[in-house]
Amino acid sequence: MKKKLYHIITIGCQMNKSDSERIAGYLEKHGYVLSENKDKAVLVVVTTCGVKQSAENRAYSLIYRLKKNNPKIKIVLTGCLSQRKDVQRRLNGYVDIWMPITELDSLAYKLGLEKIENNSLSGYLAINPKYNSKFSAFVPIGNGCDNFCAYCVVPHARGRETYRDALEILEEVKKLVKKGYKEITLIAQNVNSYRAKITNYELRITNKKENEDFKLIKFPDLLRMVNDIPGDFWIRFSTSHPKDMSDELIKAVAECVPASPKLRGAGKVCEHIHLPVQSGDNEILREMNRKYTREHYINLIKKIRKAVSNVCITTDIIVGFPGETEEQFNQTIRLLKEIKFYLAYISQYSPRAGTISAKMDNDVTQKEKKRREEALVKIVKKTALEENKKYLNKIVDVLIEGKNKKGDWFGKTRTYKNVRINGEALLGEFIKVKIKKAKDFGLEGEIIN
Ligand code: SAM
Ligand code: SF4
């Protein structure tokens, strides 16, 4: 019998990459075989992103080209654009199946492989994924967002927050660790607001005594439970929201890092927190509906740095939000200089249909957005270099992620720093490296035996 070949194209964030892994697992369970070449596939799934116009445009040109090259190809569109009426009109005749990711369960029915539409109550996150990596895995703990930041399409595109069963999450992590995975990243749009009821059965298997605290599991509890799973692996989590970064969560992180006095080296949580600030100006933060102030954010960073030694803080920033004046932008500059982030993902504001800020005047010119972006990149490069220099001659643990174009091994430290390595290493393994060179966005070092 001829193989049914499929291919998946993923645009966007970790959540989309993770969704694509579940789609791959689902398709293979239904008899499809992966084709590395998209033009040879009979079925192509495009996991789309709508966070910025540029990401949206990529989906359009990809899909037009796919159908032009092979009119018989079946295209499934999922992700952030799957429920947008304007996108459906624009891609009418090009996309065969529009599939919000929460309806992954019924794809076989839509493809004509099953007679009855499946609508699993446990949700699409319960579907077994086919992981892209053999040593590092994203484990989704929830989907959607309730925050409605004024500029953001995610709550409109992915819907309200839903959280995954704690038992199911722990089971997925246990299976991965058993297979030898070395890095587990718990992901959701807003991991801090994770909350889920735990049943008596879950209480038994996690060896937790039933008490009021453990009837409702919150993110700090979940983090401790994942940390309690035996094995040699690192734990990361993303994304955190500054308004939900509670003292209890900071305490849990401090308790679960290797340096924790309580765990005496058995902590697995990495000393890295990604905490998007978006702007350093209170008026802009209010307009963005972020629900915290600059002062709150600075105070949070102080608390985190005090509780978790050697922690690395990274962030996201938007420049050119409607009405952002030069003085308001300067507030962001001052914040960056004060906090000294190791890394900042800087985006030029892009109006998104349906969001609150799309109705405001997009009055910062493209040229000015670009200038502001470049000014911030310059500052972050400087603060990153300063921070990296602290690593010179230190010995750090590195998880090997691959080889670069020049054939050198590279990996990451627990603190999310890229390290280029001199010497032979093994993919997906931890090694000890002595840092010999510090650059603005990375380190270089030699293997220590
Ligand atoms: N949930 C995370 C948070 O609260 O920060 C981030 C999720 S969002 C998909 C990822 C990043 O995209 C945001 O932190 C923001 O910097 C950027 N972003 C979102 N909407 C944007 C827009 N309309 N224009 C430019 N950047 C945007
Ligand atoms: Fe978007 Fe804000 Fe939700 Fe993050 S918290 S996904 S930026 S609405």
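**Asking how we know**

Visitor: Which residues of α2 are called buried, and what makes a residue buried?

Guide: The buried residues of α2 are Ala55, Glu56, Ala59, Tyr60, Leu62, Ile63, Leu66 and Lys67. Buried means under 20% relative accessible area, exposed means over 50%, and partly exposed lies in between (1.4 Å probe, protein chains only). This is a predicted model: local features need pLDDT of at least 70, side-chain atom pairs count only at pLDDT 80 or more, and totals for chains, interfaces and linings use all residues. Residues are numbered from 1 along each chain as its sequence is written, chains are lettered from A and ligands numbered from 1 in the order in which they are written, and side-chain values use heavy atoms, leaving out hydrogens and water.

Visitor: What do the buried residues of α2 pack against?

Guide: They pack against β1 (4–10), β3 (43–48), β4 (74–79) and α3 (85–90). Contact means heavy atoms within 4.5 Å.

Visitor: How do you know that the span of helix α2 agrees with its number of residues?

Guide: Helices (H or I, at least four residues) and strands (E, at least two) are DSSP runs, numbered from the N terminus. The expected span is 1.5 Å times one less than the number of residues. Helix α2 (residues 53–69) has 17 residues and should therefore span 24 Å; its end C-alpha atoms are 25 Å apart, which agrees.

Visitor: Why is Thr365 called partly exposed?

Guide: Its relative accessibility is 49%, so Thr365 counts as partly exposed. Thr365 lies in the loop between β15 (343–348) and α14 (366–389).

Visitor: What makes a nonpolar core, and which residues have the most contacts inside the largest one?

Guide: A core is a set of buried Ala, Val, Leu, Ile, Met, Phe, Trp, Tyr and Cys residues joined through side-chain atoms within 4.5 Å. The largest has 63 residues, and Leu186, Tyr194 and Phe219 have the most contacts inside it. Helix α6 (residues 166–178) gives the largest share, six residues.

Visitor: How do you know where this core lies?

Guide: Domain 2 (133–270) and domain 3 (306–389) both give residues to this core, so it lies between them. Domain bounds come from an automatic or database domain assignment.

Visitor: What makes up the shell around ligand 2, by class?

Guide: The shell has seven nonpolar, three polar and one charged residues. Ala, Val, Leu, Ile, Met, Phe, Trp, Tyr, Cys and Pro count as nonpolar, Asp, Glu, Lys and Arg as charged, and the others, Gly among them, as polar. Cys145, Phe148 and Arg290 are among the residues that surround ligand 2. To be near a molecule or strand, a residue needs a heavy atom within 4 Å of it.
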